[in-house]
Amino acid sequence: MANSKYEYVKCFEVEDEVLFPNFILVWISACKLCKPHDVNVLKLMNSCAVAVLEEYADVVLAYGFSDEFTFVFKKTSQFYERRASKVLSIVTSFFSSVFVRKWGEFFPQKKLQSPPSFHGRVIACASIEAVQAYLFWRQSVCHLNNQHDQCFWRLVERGMDEEEALDFINCAQKRDLNDLLFDEFHVNYNELEPIFRQGSCILKTVVEDVVKYAENGAPIKRHRRKIITVHSKKIASKRFWNEQTILVKELGGFTDEINNVKPEYVRSFEFDSKLMPSTWIVVRLDGCHFHRFSEMHEFVKPNDGRALNLMNSCAVAVVEEFRPDIVFAYGVSDEYSFILKQSSDIYQRRASKIISAIVCFFTSTYVMRWKDFFPQSELKYPPSFDARVVCYPSTKIIRDYLSWRQVDCHINNQYNTCFWKLVASGKSKREAQHSLKGAQLQKKIEELGIDYNELPMMFRHGSSVFWDKVDNVLIHHENNGESSESYGKVIVEHIDIIGPAFWSEHPGILD
């Protein structure tokens, strides 16, 4: 990042490393996913989980049911240096990206109406016994929740509203839910598909494959890793676990059986924190490996207006979705910063939930709107973003943070403009880098004949996203006369946010 007098704001960033010898688990859950007993939803969730294991070598196991999944990293994992916020945001972002891309495979006749979002948290288990207890707990919850959901949704489908269905189940608590299912719907719970009753365990195993044949026709076999999905009755049992060679190698074996666990014990391992009250909250997103992503999708260098406008469109959607908590957003290149007001109590200011919900919604929107900006280009693989959250104590410091990002935008854009001008002139990328090393960029711009001030404002200033107030509108009520309500819309501007003029014109943003 570029050097500037505003860089002091980085001192407010807090490291959240999950220390050895803790195991890293990432739990995610869908927001507002209705009817989780739909088998196609479960299969879609499983397919997304498989994609996570394929994408990230350090993830060796996933267990999921209904609208949730837990991913277990190998014990020695250094995935993104074990920073909880980065691990969480990357996994949840990638999962939501795959969810959108695969939706049509499982629901070919049903259009995805809105960007799906997931929230999650990191669980730091201190021992393999804690991992065992956690998995036992989640599979127990799977069983109990499924019994409830099977009854609940069948009552709704029969004609009850949701409140009536809940009351009916609560009144029938003395009866076993299995009996209720059988008496009311003639459904034998034990004959339901295992994917409902036992959840899905996705893991890496070793298989023997024929890779070629010798001259005499004998098969030549090699061992390779393969991802499989099983619906085991007891994933936390010694028998199941210790038969999985990769799990034993990467995580360790189970030595004892477990028959009961207190949820409070497992919850104590949750790696989460509440953000300091009465502080500005900044959630900054960055594209993961977007250098490669931009090359694969042939972005125009040094700036692709389509890609930047897609990012802006996603930022607008986030600001609208998380109103009134997000009051401002600033973006450049493949990053965006979202500013949440000091008084915000969104998700009780829990860092994990704020990070995961925003990064997932942004990612889902990015995938869903890709064709709006790249109609002739197919999305070749799921994009993802990492995120971090930082608290800033005063309005002055939050403005200095935004100034830091805009200075960074300006200097990086100068460098990239010169760099790609040199490449276009015939220099190799290495020669262009060498030519710019230690150079005064303003002087280099003049030498290369670049009219920098004629470049689009979006390239030079980045993009600012905020609510623009519209005049009050009189609302006519049938019985109560008239009332005045203030309406607004989210707009994107490419302006100077370092100087005082913008903030003087919009005092309500940071008021």
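**Group meeting talk: a walk through the predicted model**

Residues are numbered from 1 along each chain as its sequence is written, and side-chain values use heavy atoms, with hydrogens and water left out.

Okay, back to Val389. You'll find Val389 in strand S11, residues 385-392. Helices (H or I, at least four residues) and strands (E, at least two) are DSSP runs, numbered from the N terminus. What does Val389 touch, leaving aside neighbours within four places in sequence? Leu275, Ile281, Val282, Val283, Ala351 and Ile355 are its contacts, a contact being heavy atoms within 4.5 Å. Ser85 sits 304 residues away from Val389 along the chain, yet their C-alpha atoms are 7.8 Å apart.

Now the cores. In soluble globular proteins, nonpolar side chains tend to be buried together. By nonpolar core I mean a set of buried Ala, Val, Leu, Ile, Met, Phe, Trp, Tyr and Cys residues joined through side-chain atoms within 4.5 Å. In this model the largest one has 85 residues, and Phe71, Phe95, Phe338, Ile358, Phe362 and Tyr366 have the most contacts inside it. Helix H2, residues 84-106, supplies the largest share of that core, with 12 residues. A separate, second core has 33 residues, including Leu61, Trp137, Ala236 and Trp241.

Take Phe362 from the largest core. Setting aside residues up to four places away in sequence, Phe362 touches Leu285, Met311, Cys314, Ala315, Val318, Tyr336, Phe338 and Phe385.

Next, helix H3. H3 runs over residues 128-158, so to speak 31 residues, and spans 45 Å from its first C-alpha to its last, close to the 45 Å expected at 1.5 Å a residue; the expected span is 1.5 Å times one less than the number of residues. Is H3 largely enclosed or left open? Of its 31 residues, 22 are buried, so H3 is largely enclosed by the rest of the structure. Just after H3 comes Gly159, with a positive phi of about 130 degrees.

Points are joined across faces, edges and corners, and a volume is the space filled by probe spheres set on them.

The largest pocket holds about 1200 Å³ of space. Its lining has 41 residues, with His291, Ser333, Asp334, Asn412 and Asn416 lying nearest the centre. Which helix gives the largest share of that lining? H14 does, with 9 residues. Elements supplying at least two lining residues each include strand S8 (280-287), helix H10 (290-296), helix H11 (305-321) and helix H14 (395-424). By class, the lining of the largest pocket splits into 18 nonpolar, 14 polar and 9 charged. Here Ala, Val, Leu, Ile, Met, Phe, Trp, Tyr, Cys and Pro count as nonpolar, Asp, Glu, Lys and Arg as charged, and the others, Gly among them, as polar.

What about cavities? The lining has 5 nonpolar, 4 polar and no charged residues.

Last, some backbone details. The peptide bond from Phe20 to Pro21 is cis, with omega near 5 degrees, and Pro21 lies in the segment before strand S1 (23-30). Another cis peptide bond joins Arg323 and Pro324, with omega about 5 degrees; Pro324 is in the loop between H11 and S9.

Then there's Tyr80, which has a positive phi of about 45 degrees although it is not a glycine. Tyr80 lies in the loop between strand S3 (68-73) and H2, and at 28% relative accessibility it counts as partly exposed. Glu298 is not a glycine either, and has a positive phi of about 55 degrees.

Conventions. This is a predicted model: local features need pLDDT of at least 70, side-chain atom pairs count only at pLDDT 80 or more; totals for chains, interfaces and linings use all residues. Buried means under 20% relative accessible area, exposed over 50%, partly exposed in between (1.4 Å probe, protein chains only). On a 1 Å grid over the protein atoms alone, a cavity is a set of points where a 1.4 Å probe fits but cannot get out, and a pocket is an open set with protein on both sides within 12 Å along at least five of seven lines; lining residues have an atom within 4 Å of a point.
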